[in-house]
Amino acid sequence: MDLELRDITDEEFPAFSRVTEGAFGHQPSDEEVADWALRTEGEHKWAVFDDGEIVATGGAFAFDLTLPGGATLPVGGLTAIGVRTTHRRRGILTSMMDLHLDEVARRGQPVSILTASESVIYGRFGYGAAGDLVRWKLPTAGTTLAFAPQVDGRFRQIDKARAGETFPAIYDAHRAATAGALSRKPAYWSHWFLDRDAWRDGASARFYVQHESPIGEPDGFAAYRIKSSWGDHGIPASTLIATEVVSADPEVEAALWQHLLSVDLIGTIEAINRPTDDPLRWRLADPRRLQVHQAGDHLWVRVLDVGAALAARSYLVDDSLVLELTDPFRPANSGRWCLEANAGSARCTRTEDSADLALGIADLGAAYLGGVRFSTLAAAGRVDQRTPGALARADLLFSWTSTPWCATHF
Ligand SMILES: CC(C)(COP(=O)(O)OP(=O)(O)OC[C@H]1O[C@@H](n2cnc3c(N)ncnc32)[C@H](O)[C@@H]1OP(=O)(O)O)[C@@H](O)C(=O)NCCC(=O)NCCS
């Protein structure tokens, strides 16, 4: 059977979208197809055709990824991967990964990223889990901040039209300061503000609160839903679902949490998009109240241009290390690379020197943003120390002041 893999036309988008959604067990409405068209406008989208019919889909968003140190890297964000049940396990995804990685290289993006439906799929293509997301719950009764935010200003509850004017800039300030964060184009925000019924899981439409500095500058926002409940004996027990609490200023972020803790009739706050090292826990008088009930992989990183990717991020210490990489899916990357970080700049070049560490390209992706230590990967049997002390040096070199945090879904 002859299969054709090519970019789709705009007219083919509805059929494309139905195959993507169908692969996830969902039959999208016309409205959902139109929403996804809005979200992916101008982005690269392709499909596999069998006898003229779409049987598999894929796409890539062009993002800027914030690296440790604040530099941004253009990356390709793989999305919309789906293969019809009739065509699975015959190498179609593998062909689409080839196309995607070639295209990412052609566009000068040193790294590809994705979020995975299943964590078993993408390691074989060189992706490593680089940034986790956490969901936690916090009972509100008696919860206090022992380390209160030191910030002046005011809160303003606003409608989504107004939020649409101020939230993107607030988010951008946060993104500039957050390794692992992704740029959000106007299409991302237009789609996000649609806030469809189907996204709410029985909770309210989103509420939008922004914090403003004493001179009236918006410098933080909270977006949340409320799931109302009155408990067995009429005691208010609603859940406030904080979908995003964002500020570049940790004091403003804490003030937003303090504000959410003061909302009446709420029994529990549930946060769904949080980093693994959430400072809120350390502000609480009783930190054990913050109960993590889900933590897992979110942002996966695939290093494609090793030299450019490793030279682009910052390192907290000066050192040099030789990494021997194995990259079966892109064998040209395999071999030894010398990473030198010195006086605030870095370079990474081919070398004939002997290796300090040997690792797979997926392990380099996992460690790239400082989200996992090489020592942990070595303890998992994935990284091999060739020079005594090299693991500890690599841990130090790649560590950063915060864990990577990507709250963007794609
Ligand atoms: C995941 C999916 C895209 C895989 O497509 P596919 O065309 O069947 O994948 P391939 O045939 O190219 O598989 C390549 C390899 O990955 C393995 N693989 C693929 N999907 C897998 C899965 N879900 N679980 C375990 N292994 C998987 C295959 O067995 C094969 O292994 P091999 O090289 O050792 O033989 C497809 O099953 C699908 O559409 N799933 C539902 C939607 C989804 O989860 N999409 C991913 C979004 S991130």
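## Ligand site and a helix pair

A polar side-chain atom of Thr94 sits 2.7 Å from an oxygen atom of the ligand. This is a predicted model.

| Residue | Protein atom | Ligand atom | Distance |
|---|---|---|---|
| Thr94 | polar side-chain atom | oxygen | 2.7 Å |
| Ile81 | backbone N or O atom | nitrogen | 2.9 Å |
| Arg124 | polar side-chain atom | oxygen | 3.1 Å |

How much of the ligand does the protein bury? Taken alone, the ligand exposes 890 Å², and the protein buries 74% of that.

The shell around the ligand has 20 residues. Those that come nearest are Arg89, Gly91, Thr94, Ser117 and Glu118. By class, ten residues of the shell are nonpolar, five are polar and five are charged. Strand E4 (72-83) supplies at least two residues of this shell, and so does helix H3 (92-106).

Now to a pair of helices. Two packed helices are described by the angle between their axes and the distance between the axes. Helix H1 covers residues 13-23, and helix H2 covers residues 30-39. Their axes come within 10 Å and cross at roughly 105°. Angles of 65 to 115 degrees count as roughly perpendicular, so H1 is roughly perpendicular to H2.

Which residues make the contact? H1 brings Phe13, Pro14, Ser17 and Arg18. H2 brings Asp30, Val33, Trp36 and Ala37. The residues of this contact divide into five nonpolar, one polar and two charged.

Terms used: Residues are numbered from 1 along each chain as its sequence is written. This is a predicted model: local features need pLDDT of at least 70, side-chain atom pairs count only at pLDDT 80 or more; totals for chains, interfaces and linings use all residues. Side-chain values use heavy atoms; hydrogens and water are left out. A residue is near a molecule or strand if one of its heavy atoms lies within 4 Å of it. A polar contact is a pair of N or O atoms within 3.5 Å; within protein, one must be able to donate a hydrogen and the other to accept it, and residues adjacent in sequence count only if both atoms are side-chain atoms. Accessible areas come from the Shrake-Rupley method with a 1.4 Å probe; for residues, only the protein chains shown count as cover. Helices (H or I, at least four residues) and strands (E, at least two) are DSSP runs, numbered from the N terminus. Ala, Val, Leu, Ile, Met, Phe, Trp, Tyr, Cys and Pro count as nonpolar, Asp, Glu, Lys and Arg as charged, and the others, Gly among them, as polar. Axes are lines fitted to C-alpha atoms, for helices over the stretch in contact, and angles run from 0 to 180 degrees between N-to-C directions. Angles under 35 degrees count as roughly parallel, over 145 as roughly antiparallel, 65 to 115 as roughly perpendicular and the rest as oblique. Contact means heavy atoms within 4.5 Å.
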